[in-house]
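Please look over the sequence and the model shown here, and then work through the questions that follow.

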Amino acid sequence: MIRARTGGGLPARARAFPALALAGLALLAPLAAAAQERVVIAGGDLTEIAFALGAGDRVIAVDTTSNFPPEAAALPRVGYLRALPAEGILAQAPDLMLAGAEAGPPAVLEQLRAAGLAIGTGPSGTAADIVPRKMQFVADALGLSERAAPLIAEYQARMTRLAGLADGLATHPRVLFILALQEGAPLVAGAGTEAEEMIRLASGVNAVEGIEGYRPMTMEAIIAARPDAVLMMSDFLGRYGGAQAILARPDIAQTPAGQAGRLIAMDGMLLVGFGPRTPEAVRALMRALHPEDADRLGL
């Protein structure tokens, strides 16, 4: 999920304890009595985790960011993550809702709670180490705490292996992540963003400096940033005429990325969702940024 900074998905009291179990208990104690058999999930990352835990049969509806696995994509939709409708959710007759930290609007969540729906809000963060906390959160919410440990261990092992492969890379391409075009000005990823973290994990360097979060960037600044590659979410690429149209823009065309015709497009939830597939995303981005080393490293 795209968000600007690590935020308050957990109460401050829970964030003070690093232990996964304590964080989960602080969030999920009110849900202990829930039947947990009819679950609505708002947040593609949490949906993927629920299915990875083998609890997909309990999920009855999801939000529009939940496009993986295919079984989840086929479920009824309850709206966009940040603009959820109370009526549409309550119509599904759920006994539990799992919501990403950026789910909203807050007034709707309060309305749902007032209607008696138990809601668990997942932890927030813009770094890859948030994924194990999400896994524990979903497992605890669904009464499957014991299933979290193997999933977390597999995730951490894959990420550790990828970190070792990254150590074997001598080059660190400069990457410009473009989220969207606002009135022609690219909205780019600065410090403290999921995109910057993914670039780092793939042994790249964020070409954007001096910017926090997602902000518009001028033509002069983009040219001066000299990105070697442009990174975008494939979900949005078609809105702007496709890769060739982006590369032909006056700002991008004058950069090394534009001159080399180098634009990398990846599924948005895969790229910046920070869920069970994050190791797959890091590997794919690493391969795209370092094609000359892909075979040698087994990417």
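**Overall make-up**

The protein chain contains 17 helices and 10 strands, where helices (H or I, at least four residues) and strands (E, at least two) are DSSP runs numbered from the N terminus. This is a predicted model, in which local features need pLDDT of at least 70 and side-chain atom pairs count only at pLDDT 80 or more, while totals for chains, interfaces and linings use all residues. Residues are numbered from 1 along each chain as its sequence is written, and side-chain values use heavy atoms, with hydrogens and water left out.

Q: What percentage of the residues of the protein chain count as buried?
A: A residue is buried when its relative accessible area is under 20%, exposed when over 50%, and partly exposed in between (1.4 Å probe, protein chains only). Across the 299 residues of the protein chain, the share that counts as buried is 56%.

Q: Are helix H7 and helix H8 roughly parallel or roughly antiparallel?
A: The axes of H7 (residues 130-141) and H8 (residues 148-167) come within 9 Å and cross at roughly 165 degrees. Axes here are lines fitted to C-alpha atoms, for helices over the stretch in contact, and angles run from 0 to 180 degrees between N-to-C directions. Angles under 35 degrees count as roughly parallel, over 145 as roughly antiparallel, 65 to 115 as roughly perpendicular and the rest as oblique. The crossing angle therefore makes H7, relative to H8, roughly antiparallel.

Q: How many nonpolar residues does the contact of H7 with H8 have?
A: Contact means heavy atoms within 4.5 Å, and H7 contributes Val131, Pro132, Met135, Gln136 and Ala139, while H8 contributes Ala148, Leu151, Ile152, Tyr155 and Gln156. Ala, Val, Leu, Ile, Met, Phe, Trp, Tyr, Cys and Pro count as nonpolar, Asp, Glu, Lys and Arg as charged, and the others, Gly among them, as polar. By class, the contact has no charged residues and two polar ones, and the number of nonpolar residues is eight.

Q: How many residues apart are Glu48 and Arg277, which form a salt bridge?
A: A salt bridge is a side-chain nitrogen of Lys or Arg within 4 Å of a carboxyl oxygen of Asp or Glu, and in this pair the closest N and O atoms are 2.9 Å apart. Glu48 counts as buried because its relative accessibility is 6%, and Arg277 counts as buried because its value is 12%. Glu48 lies in helix H3 (residues 44-52) and Arg277 in the loop between helix H15 (268-272) and helix H16 (278-289), so that the pair links distant parts of the chain, with a separation in residues of 229.

Q: Which residue forms a salt bridge with Glu197?
A: Glu197 is buried, with a relative accessible area of 13%. The closest N and O atoms are 3.1 Å apart, and the partner is Arg200.

Q: What is the relative accessibility of His290?
A: His290 is found in the loop between H16 and helix H17 (291-297). Leaving aside its neighbours within four places in sequence, His290 is in contact with residues including Leu169, Pro173 and Arg262. His290 counts as buried because its relative accessibility is 0%.
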